[in-house]
Amino acid sequence: AAEAAGTQQQQQQQQQQQQHQLTAAQTVRRIKLKKRLLNEAVAAFNRSAAEGVAFCAEHRIIASTASARDIAVFLHQTPGLDKTRVGEYLCAKTDFNAAVLREYVCTLPSLGGAFGAALREFMEGFVMEGDANIVGRMLEAFAQTYYEHHRARGTVFRSADACYVAAYSVVMLNVDLHNPALKQHMTQEQYIHNSRGINDGA
């Protein structure tokens with residue numbers, strides 16, 4: 001009886017070990033599959049933003065009925081996305097893309113921090129190609145969200161419009177400073193002078 005019990009215990013241990021090995025192998029396969037699908041999703045997105053989002057929904061990288069926030073998080077957290085494609089998607093003229101843009105600003109890690117840091121992180125996440133209207137629309141979304149986020153806790157800006165003007169001013173200054181075609185760049189004194197009164201007259 002004791003020998004039979006010992007044999008049974010050994011068999012149980014072997015079964016548990018085999019099950020553990022099987023579970024570990026399944027986990028490795030799932031990780032590899034997820035990584036492969038994500039790489040394919042990035043490649044699809046970099047060909048076409050709409051194609052990439054559809055691929056993600058089809059393969060459950062994001063929910064099939066993904067919310068604007070789901071896609072915003074995907075854009076923030078997925079390495080390898082082409083920044084021009086990200087910009088194209090965020091500035092597309094649809095209500096849903098506009099909602100994604102707002103959520104994209106809301107999910108900025110630095111949104112609760114200093115204005116300059118938040119604006120820099122926002123602008124570094126994508127490349128804008130287009131006319132001044134596109135730039136304005138993107139910065140308006142940033143300014144509105146940033147102002148609303150900070151209004152209750154106190155902010156130097158008197159309104160969302162003032163925040164928008166400041167953001168646009170900083171972006172234009174950056175363009176001026178890094179444009180090699182310009183022979184003469186704006187000085188600090190000129191920028192300060194031009195910026196007076198942008199905070200609703202302050």
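Mentor: Note that the model is predicted. We can begin with the second largest pocket, where the largest share of the lining, 5 residues, comes from α7.

Trainee: Which elements each supply at least two residues of the lining of the second largest pocket?

Mentor: The lining has 13 residues, and Ala 98, Leu 101, Arg 102, Arg 137 and Ala 141 lie nearest the centre of this pocket. The elements that each give at least two lining residues are α5 (95-106) and α7 (132-151).

Trainee: How do the residues of that lining divide by class?

Mentor: The volume of the second largest pocket is about 190 Å³. Its lining residues divide into 6 nonpolar, 3 polar and 4 charged.

Trainee: What volume does the largest pocket have?

Mentor: The lining of the largest pocket consists of Leu 119, Arg 120, Met 123, Phe 126, Val 127, Met 128, Val 135, Val 170, Val 171, Asn 174 and Val 175. Two or more of the lining residues come from each of α6 (115-124) and α8 (160-177). By class the lining has 9 nonpolar, 1 polar and 1 charged residues. The volume of the largest pocket is about 250 Å³.

Trainee: Which element gives the largest share of the lining of the largest pocket?

Mentor: Val 170, Val 171, Asn 174 and Val 175 are among the lining residues. The span of α8 is 160-177. The largest share is 4 residues, and the element they come from is α8.

Trainee: Are α7 and α8 oblique or roughly parallel to each other?

Mentor: The axes of α7 and α8 are 8 Å apart, and the packing angle is about 130°. Angles over 145 degrees would count as roughly antiparallel and 65 to 115 as roughly perpendicular, so this pair falls in the remaining class. The two helices α7 and α8 are therefore oblique.

Trainee: What is the handedness of that crossing of α7 and α8, and how do its contact residues divide?

Mentor: The crossing of α7 and α8 is right-handed. Contact residues include Val 135, Leu 139 and Tyr 146 of α7 and Cys 163, Tyr 164 and Val 171 of α8. By class, the contact of α7 with α8 divides into 13 nonpolar, 2 polar and 1 charged.

Trainee: How are α3 and α5 oriented to each other?

Mentor: The axes of α3 (residues 68-77) and α5 come within 8 Å and cross at roughly 55°. That angle makes α3 and α5 oblique.

Trainee: Which handedness does the crossing of α3 and α5 have?

Mentor: Among the contact residues are Ile 71, Ala 72 and Leu 75 of α3 and Phe 96, Val 100 and Tyr 104 of α5. The contact of α3 with α5 divides into 9 nonpolar, 1 polar and 2 charged residues. The crossing of α3 and α5 is right-handed.

Terms used
Residues are numbered from 1 along each chain as its sequence is written. This is a predicted model: local features need pLDDT of at least 70, side-chain atom pairs count only at pLDDT 80 or more; totals for chains, interfaces and linings use all residues. Side-chain values use heavy atoms; hydrogens and water are left out. On a 1 Å grid over the protein atoms alone, a cavity is a set of points where a 1.4 Å probe fits but cannot get out, and a pocket is an open set with protein on both sides within 12 Å along at least five of seven lines; lining residues have an atom within 4 Å of a point. Grid points are joined across faces, edges and corners, and a volume is the space filled by probe spheres set on the points. Ala, Val, Leu, Ile, Met, Phe, Trp, Tyr, Cys and Pro count as nonpolar, Asp, Glu, Lys and Arg as charged, and the others, Gly among them, as polar. Axes are lines fitted to C-alpha atoms, for helices over the stretch in contact, and angles run from 0 to 180 degrees between N-to-C directions. Angles under 35 degrees count as roughly parallel, over 145 as roughly antiparallel, 65 to 115 as roughly perpendicular and the rest as oblique. A crossing is left-handed if the near helix is turned anticlockwise from the far one by less than a right angle, and right-handed if clockwise. Contact means heavy atoms within 4.5 Å.
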